[in-house]
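Please keep the sequence and the model in view while reading.

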Amino acid sequence: MDQPVHIDRMPAAFGRPLEFDPDTALTAAMHLFWRKGYENTSMLDLLQAMQISKSSLYQAFGGKQALFERCMTRYGDLMIGQLHDALASAPSGLGFIRQFLESVLDEARGVCEARGCLVLNTANEFARRDPAIAEAVAQGLGRFHSVMLAAVRRTQLEGAIPPDRDAVMLANYLVSSMSGLKTLSKAGADEASLKGTIELVLKALT
């Protein structure tokens with residue numbers, strides 16, 4: 001006689017299957033946080049941007065802060081990937097550094113929205129008020145620094161930056177300089193002012 005077949009059922013705690021694309025929803029949330037910041041983004045804002053219900057947000061992402069931390073990771077993955085590709089394809093290390101700094105000019109020209117950098121914006125918004133977000137910011141800045149360090153070392157090998165200059169400190173300088181440029185752009189600085197600042201940064205490197 002055949003034995004009865006036992007069918008395991010998913011516990012109710014797992015909830016119903018997701019009826020939306022989590023990747024698309026995460027990207028929408030990332031752009032919203034990037035534009036408005038964490039504190040100024042309401043739950044209603046998120047639900048409308050992500051086009052999901054509140055229960056779906058909690059089921060898929062665990063809540064607003066957990067969602068924000070995942071958005072920080074997504075932003076870092078996208079930006080660092082683009083920077084690595086740009087560095088690999090740049091004709092020179094110094095050319096990449098110039099391209100990196102001059103990317104802020106698109107905001108002054110109105111080519112793109114002056115949103116700044118999500119990692120730097122979050123650092124300014126939170127400082128160290130929340131340990132989890134502070135750690136996410138530190139990791140994001142560390143990833144940016146690693147790309148700048150690779151660019152500086154390449155530029156030193158190519159002879160455009162003296163080899164005796166401290167590459168780590170120069171990478172710190174580039175990250176800090178971009179932070180300042182992004183802040184100036186968000187504050188409405190014109191293209192000429194930003195260009196002048198960029199030239200001073202490049203001169204200080206070489």
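Angles between axes are classed as roughly parallel under 35 degrees, roughly antiparallel over 145, roughly perpendicular from 65 to 115, and oblique for the rest. Axes are lines fitted to C-alpha atoms, for helices over the stretch in contact, with angles running from 0 to 180 degrees between N-to-C directions. Helices are DSSP runs of H or I with at least four residues, numbered from the N terminus. The model is predicted: local features need pLDDT of at least 70 and side-chain atom pairs pLDDT 80 or more, while totals for chains, interfaces and linings use all residues. Residues are numbered from 1 along each chain as its sequence is written, and side-chain values use heavy atoms, without hydrogens and water.

The axes of H4 and helix H7 (residues 118–126) come within 10 Å and cross at roughly 140 degrees; the two helices are therefore oblique to each other. On the H4 side, Phe68, Cys71, Met72 and Tyr75 meet Leu118, Val119 and Thr122 of H7, contact meaning heavy atoms within 4.5 Å.

Beyond its neighbours within four places in sequence, Phe96 touches Leu83, Ala86, Leu87, Ala90, Val147, Met148 and Ala151.

Helix H8 (residues 131–157) contains His145. With a relative accessible area of 18%, His145 is buried, where buried means under 20%, exposed over 50% and partly exposed in between, for a 1.4 Å probe and protein chains only. A polar atom of the His145 side chain lies 3.3 Å from the backbone oxygen of Val168. Apart from neighbours within four places in sequence, His145 is in contact with Val168, Ala171, Asn172 and Val175. Ala134 is also found in H8 and is buried, at 13% relative accessible area. Its C-alpha atom is separated by 7.3 Å from that of Ala123, 11 residues apart along the chain.

Finally, Gln51 lies in the loop between helix H2 (43–50) and helix H3 (54–61). Gln51 is exposed, at 71% relative accessibility, and has a positive phi of about 60 degrees although it is not a glycine.

Methods. Polar contact = N/O pair within 3.5 Å; in protein donor to acceptor, adjacent residues only side chain to side chain.
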